[in-house]
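I opened my notebook beside this fold and jotted down what I looked up. Come along and check each entry against the view.

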Amino acid sequence: MDFESYKLFISKIKTGKQLPDSIYVHNSALSDIPDELANTLEKIATALEIASSEWNILKLYKRDFKVAFLNYPEFNRYGYPPLQHSFTVDLAKLSVRKSSYEKSDNPPILHRKETFVKTDYDLRPLFEEITAEGEKIDLYENPRSIGFKKNWERLISNKGYFLDAAGRLQPKASRDIEDNVVPISQEVEVERHRTAIDRNQLSQPMQILARHNYFNGDYSVLDYGCGKGDDMRELEAHGIDISGWDPVHLPDGDILNTDIVNLGFVLNVIEDREERQETLKRAWGYADKLLIVSVMIAGESVIRQFTPYKDGVITSRNTFQRYYTQSEFRSYVESSLDESTIAVGQGIFIVFKDKIEEQNFLLERQHVKRDWQQKTQRQIKIRQPSIKKDIIDKHLELFTDFWETSLELGRIPANNEFEFSDQIRRIAGSHNKAHNALIEHFGNELFIEAQEKRKDDLLVYFALGLFGKRKPQTKMPDGLKRDIKYFYSSYSDSIERATNVLFSMGSPELIEESCIKAHKQLESGSLEEGHSFTFHKHYLGDLPPELRIYIGCASQLYGDLDNIHLIKAHITSGKVSLMRYDDWEKDTPLLVERIKIKMRDQDVDFFDYGGRFEPPPLLNKILF
C-alpha cells in the first residue's frame, strides 16, 4: 500500500474521533475501517510484534504515512483515562517507536470517549453523560490546554470539583479536607451581611474607572451591591451622578438604568449558583454603556484554608466566598452574558454594551501619551522672518496647541478634533494652511516621527482586537475612521497588516529580535539573550510594535498595568512576567508581587511576597 492509497482509505472512514490531522478509533469500531486498510494494519502489527492486548485505540494520521497503536487500559472504567504507552509506526519505513508513560505523573489523557466508539457500543451512554458533566462546568472551552493530566486536574479544581476513583466529577464540598474535618454538606445559614467592609478610599473597580476618566461628569453610575456605601458617598462629594443599592445596607436605594454599573465583589459572596448568575445578568441589564464586575482571586493554597461548601468555601466569619482564577472568572462572565470582556485588574473585568465606547476605550489604551512638546523645543529651527512666522508669533499659544494636537494624532486634526478650530481657521484660513505654516516654522522631522508612532499605535490596537477575537464593527468612532483613511488604504488593509503581525508572534526569533532592538533603542533594561528582556513599564510605548503586541496580548489576560513597575518578556515560553515593588523610589525596592501570564494556557498566576516568603530586593535597579 502506498501513501496515496492510504489517504484514499482514510478519507472514507466516518467513525471515530475526527480531528484535522488524524482519526482516533477504538478497537471495537475497527469493522468500520476499509477491509484492505484493516488487513494491512493487522499484518504490520503482527510483523512488528505489537500484540492486540497492548493497544485499544488506533490513531490514523491524515497528513503523514503513519499510524499509532495506543493503550488506554482504563478506557472503559475511568472518566478521563491516561495513556500508558504507544507504538508509532512509520508505514513508509516499516519502523516503530515505543513511548511509555507508565511512570509519568503527567501523561496524555482522553476526553469525549463517546466519539471513539460506534453508536451501539454498550458504554456509549455513560461516556456521553461524562462529557455532558464536563460541558456543564465549561471544561472544554480551551481544548489546547487540557490534553495532559495535570492541566486537566488543575482546571477541574479551579472549577470547584475533583475526580473520584472512577474519574467522575464531584464538588469539592463532598470531600473531606486534609485535617479530617468533615466539610459542610448540608445547607447552612450564611451571614452575607458580614461581607461588607468599611473603606477609607475608593474600591479597586472605582479607582480603575477614575483612571480611565469615567468620573469626568459625563457618565451616570449605579453601584449595584454598594455595601455600606463608602464609594457612593465619596463620588457624590465629587459631584458624580451616582446611585446605589444593597439588599442589606441600602434596600430602598434607587435602581435605575445608568451609563455605568459597578458590580463590585458581589458575585463571590453569593452561595447559590442560580442567584449568582441572575445577579450578574440583572446588573448587566441596568448598564447602558458598560458593566464593571469584580470578584476575589485566589489559588488552591488559599482556598484549602477554609471549609468547602457548595462550589466555594465558608470562612471563619461564617460568610461564603467563591474564589476564582483570572481565566475562570473571565470565562464565567463571557459565557453568562455572551459578551467579550476586557481585563482591567486582578479579578476585575469591563463588559461594554456600547460598542463605540468599547472601541474608544481600547484605542485610548494603545494611544501612548508622548511628551512631544519637549522634543519640539529641541528641534525648533530659526528661519528668516515671514508673514507666516509673524502670524504664528502673534498667536503662539494657539498655534502651539494646534501643533501639539497634530503631533498627538499623527495627522491634521478635523474641525471637531481641535477645541479652537474656529479661531485657527479664522487666522490661518484652514487647518491645512495652519499645518503647512507650522511645518515651515518647526520643520517636518517631528511630525514624520509622530505619524510613525501613531501608525504603530493603530497596528497594536487592531492586532490586539484580533487576539481578543473581537467582531469587526460596522460602526466605529469618527476619529478611527479618519485614522484608517489617513494611515491605511482601507479597513481591510489595516486588518490584513495586523493579522500578519499577530501571526508572527508565535516566532521566538521575532520576539528575540524585537527584544534586542528595544534594548538598543532604550539603552535601558536587562537583556538575557535567548531567554528574556526586562524593562520598566514607563518605556512600554517606546517598544517596537511587535513587542508591544506581545506584551499587549499578555495584559489582555491580566488587565491594566498601572501598579506594575517591571515587565519581563520571555522569548521562547510564551510568557510575560509583571513585577510590583513596595517603593520604586528607594535605592533597593523590595518585590511584593509577581504576576506570571501564560499566553499558551490563557491563564495568570499570582505570587505575593511577605510573611513566609521574604520579599527579594532589586539589586540592579540602575539598569532600568
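Before anything else, a convention for packing: axes are lines fitted to C-alpha atoms, for helices over the stretch in contact, and angles run from 0 to 180 degrees between N-to-C directions. This is a predicted model, where local features need pLDDT of at least 70, side-chain atom pairs count only at pLDDT 80 or more, and totals for chains, interfaces and linings use all residues. Residues are numbered from 1 along each chain as its sequence is written, and side-chain values use heavy atoms, with hydrogens and water left out.

**Entry: two packed helices.** I looked up helix α13 (residues 396-409) and α15, and found them packed at an angle of about 95 degrees with their axes 10 Å apart. Angles of 65 to 115 degrees count as roughly perpendicular (under 35 is roughly parallel, over 145 roughly antiparallel, the rest oblique), so α13 is roughly perpendicular to α15. My helices (H or I, at least four residues) and strands (E, at least two) are DSSP runs, numbered from the N terminus. From α13, Phe399, Phe402, Trp403 and Ser406 meet His431, Ala434, His435, Leu438, Ile439 and Phe442 of α15; contact here means heavy atoms within 4.5 Å. I sorted the residues of this contact into seven nonpolar, three polar and no charged. For that sorting, Ala, Val, Leu, Ile, Met, Phe, Trp, Tyr, Cys and Pro count as nonpolar, Asp, Glu, Lys and Arg as charged, and the others, Gly among them, as polar.

**Entry: His431.** Is His431 buried or exposed? His431 counts as buried because its relative accessibility is 6%, the cut-offs being under 20% relative accessible area for buried, over 50% for exposed and partly exposed in between (1.4 Å probe, protein chains only). His431 lies in α15, which spans residues 431-442. Leaving aside neighbours within four places in sequence, I found His431 in contact with residues including Phe402, Ile412, Pro413, Phe418 and Arg425.

**Entry: helix α1.** In α1 (residues 3-11), I noted Tyr6, Phe9 and Ile10 as buried. Seen down the axis of α1, the buried residues fall within an arc of 100 degrees, so they line one face of the helix; the arc is that of the directions from the helix axis to the C-beta atoms. Among the elements covering them are β2 (22-26), α2 (35-47), β3 (57-61) and β4 (66-71).

**Entry: the six-stranded sheet.** I traced an open, mixed sheet of six strands in the order β10-β9-β11-β12-β17-β16. Its edge strands, β10 (242-245) and β16 (342-345), each pair on one side only; two strands pair if DSSP finds at least two bridges between them. On average, neighbouring strands of this sheet are turned by 20 degrees against each other, direction ignored. Helix α7 (residues 273-286) packs on the sheet, touching β9, β11, β12 and β17. Three bridges join β16 to β17 (residues 348-352) in the antiparallel sense, and Ile342 stands opposite Ile350. I also saw helix α10 (residues 355-366) lying across β12, β16 and β17, at about 55 degrees to β16.

Entry: Strands β5 (residues 85-90) and β6 (residues 95-100) run antiparallel, joined by six bridges, with Asp90 opposite Ser95. Four residues lie between these strands, and Leu94 takes a positive phi near 55 degrees. In the loop between β6 and α3 (124-136) I found Leu110, which is buried at 5% relative accessible area.
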